[in-house]
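User: I'm new to this one, could you walk me through some of its local features?

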Amino acid sequence: MFPYKTSIQFDRNSNQALYLQLSNQIIQFIKNQTLAPTTKLPGSRTLAAQLNVHRKTIVACYEDLLLQGWVESIPKKGTFVHRNLPVLNQQKLDDDVLSDLKMNTGFSFYKNNISPKNLPKRKEDFMYLDDGVSDARLTPMDEIARTYRRISSKKNVFEHLSYGSTYGNDTLREVLVAYLNATRGLHISKENVLITRGSQMGIWLSSQLLLQKDDVVVVGNTNYLSADITFLNQQATLERVLVDENGMQTDAIEKLCKRKQIKAVYVTSHHHHPTTVTLSAKRRIHLLNLAKHYNFAIIEDDYDYDFNYNHAPILPLASHDTNGNVIYIGSVCKTVAPVFRIGYLIASKEFVDEASKLRGIVDRQGDALLELTFADFIKSGDLDRHIRKVMKIYQQRRNLFCKLLKDELASCIEFDTPIGGMAVWAKLNSNYSWATVAIVAKKYNLEIGNWQRYDSAKLGHNCIRIGFASYNEAEIQELIRRFKKTMEEINTKEQLS
């Protein structure tokens with residue numbers, strides 16, 4: 001007889017019920033054929049006594065096994081391992097090959113060779129350069145949590161716990177209409193708004209509806225890598241135009257339009273990613289006129305609108321669009337915290353309708369309670385208060401970061417102080433390479449990261465984007481110190497050689 005008493009182990013500190021622990025172990029014994037088909041299981045009283053548990057635990061376990069089809073109950077005879085279970089054809093492997101086996105797949109599938117690999121796990125005591133993200137420590141969690149709890153405790157909350165609209169929560173859409181019309185100069189209604197899980201979903205939905213194989217999308221010769229990857233995933237053709245201190249050169253776009261059919265232009269108008277420059281008012285109007293004349297879409301990714309330190313922001317292209325050419329994309333992820341995947345896609349009703357259908361295929365709906373929370377967060381003025389608070393902090397951090405970068409590393413790095421955003425576009429002196437810097441920096445627990453992503457066009461500009469907003473003043477000083485140590489070691493080695 002099978003030694004149940006010594007083979008079954010219970011973890012009485014586990015949150016999992018005892019009958020489920022027992023059921024899972026018996027299933028494992030059946031799968032590895034320790035308990036063969038037609039094996040009779042002990043009666044409930046007998047097994048309960050052997051395992052020192054209540055008989056109801058055994059009864060519940062057997063009922064669970066019966067429902068799953070692992071056992072069968074024969075009246076007046078007992079409970080048996082099901083006779084018709086197929087033999088599981090498995091090979092018993094040694095522990096040293098099990099880890100390799102986990103990497104193998106028993107079927108064929110299509111691989112994505114365009115998207116970058118996941119970021120490596122962060123190491124303790126390391127500092128990591130980012131390309132301009134908000135400081136999560138400044139997130140107004142108390143206000144957000146209070147609002148979430150209040151909404152969750154309402155009597156009608158159950159209306160929002162079932163399936164909802166693929167357009168997103170109606171309340172948030174209405175609040176965004178009022179907010180964006182007031183702050184961005186838009187002229188939209190609820191029918192022009194699709195709620196997304198951050199800006200990236202908006203870019204993906206737009207690319208799916210606009211682009212097919214070999215369709216042309218115009219981007220900057222430096223551009224947001226995730227957008228490039230999204231368009232390339234559609235097998236579109238990227239046509240790159242120069243970006244200077246006034247943003248994308250629209251004259252170059254016009255020349256392209258005379259030679260090729262353009263389906264879309266992707267632009268981060270405020271501020272260009274990665275170089276941080278703002279698209280000038282003159283070029284904005286020129287680009288809108290080109291879109292109207294040549295019937296292409298403008299995907300305006302306005303990820304950084306809220307952060308301007310020297311002047312009021314220039315209104316987005318979407319605010320001047322009277323022909324329905326602009327797809328305006330934004331989010332609260334950058335402003336509040338990346339974890340809150342609340343974004344929006346603004347376009348013509350016809351385009352939004354199609355985008356909502358497509359969104360329903362990959363993401364049936366958003367998080368209604370979170371969307372209601374942010375509707376309240378925006379409507380109450382909490383978002384604007386948060387923006388005003390962090391604007392002052394980020395401006396102070398920008399000033400300190402740029403001062404230290406200039407004072408300590410001017411011989412190695414050139415940059416212009418950005419008028420907005422959360423990052424600096426830094427050019428390394430031509431005597432150095434980021435490849436070398438990245439290697440040496442690790443000795444000082446400084447991780448430069450994937451610096452190649454800023455030059456997907458292979459221009460050799462020797463620049464990367466360095467964020468400052470996510471570090472407090474002490475951290476900025478420490479980051480510059482490690483950076484300086486890195487460059488000093490590189491200089492010393494060059495002198496010795």
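Analyst: What follows is a short tour of a predicted model, taken a few regions at a time.

User: Okay, let's start with strand 1 and strand 2. How many bridges join them?

Analyst: Strand 1, residues 71–74, and strand 2, residues 78–81, run antiparallel and are joined by four bridges. Val71, for instance, has Val81 in strand 2 as its bridge partner.

User: And which residue in that hairpin takes a positive phi?

Analyst: That is Lys76, with a phi near 65 degrees, in a hairpin that has three residues between the strands.

User: Switching to the sheet of three strands, what order does it have?

Analyst: The order is 13-14-16 in an open sheet, and the pairing is antiparallel. Strand 13 (413–414) and strand 16 (463–467) stand at the edges with a single partner strand each, so each of them has one side left without a neighbour in the sheet.

User: What packs on that sheet?

Analyst: Helix 14, residues 382–409, packs on the sheet and touches strand 13, strand 14 and strand 16, and its direction makes about 15 degrees with that of strand 14. Helix 15, residues 434–441, lies across strand 13, strand 14 and strand 16 as well, but runs at about 110 degrees to strand 14.

User: Back to the pairing, how many bridges are there between strand 13 and strand 14?

Analyst: Strand 13 pairs with strand 14, residues 423–428, over two bridges in the antiparallel sense, and the partner of Glu414 in one of these strands, strand 14, is Lys427.

User: What about Asp214, where is it, and is it buried or exposed?

Analyst: Asp214 sits in the loop between helix 8 (199–210) and strand 5 (216–220), and although Asp214 is not a glycine, its phi is positive, at about 75 degrees. Its relative accessibility is 53%, and because exposed means over 50%, Asp214 counts as exposed.

User: And where is Asn295?

Analyst: Asn295 is in the loop between helix 11 and strand 10 (297–301). Asn295 is not a glycine either, yet it has a positive phi of about 55 degrees, and with 61% relative accessibility Asn295 counts as exposed.

Conventions:
Residues are numbered from 1 along each chain as its sequence is written. This is a predicted model: local features need pLDDT of at least 70, side-chain atom pairs count only at pLDDT 80 or more; totals for chains, interfaces and linings use all residues. Side-chain values use heavy atoms; hydrogens and water are left out. Two strands pair if DSSP finds at least two bridges between them. Contact means heavy atoms within 4.5 Å. Axes are lines fitted to C-alpha atoms, for helices over the stretch in contact, and angles run from 0 to 180 degrees between N-to-C directions. Buried means under 20% relative accessible area, exposed over 50%, partly exposed in between (1.4 Å probe, protein chains only).
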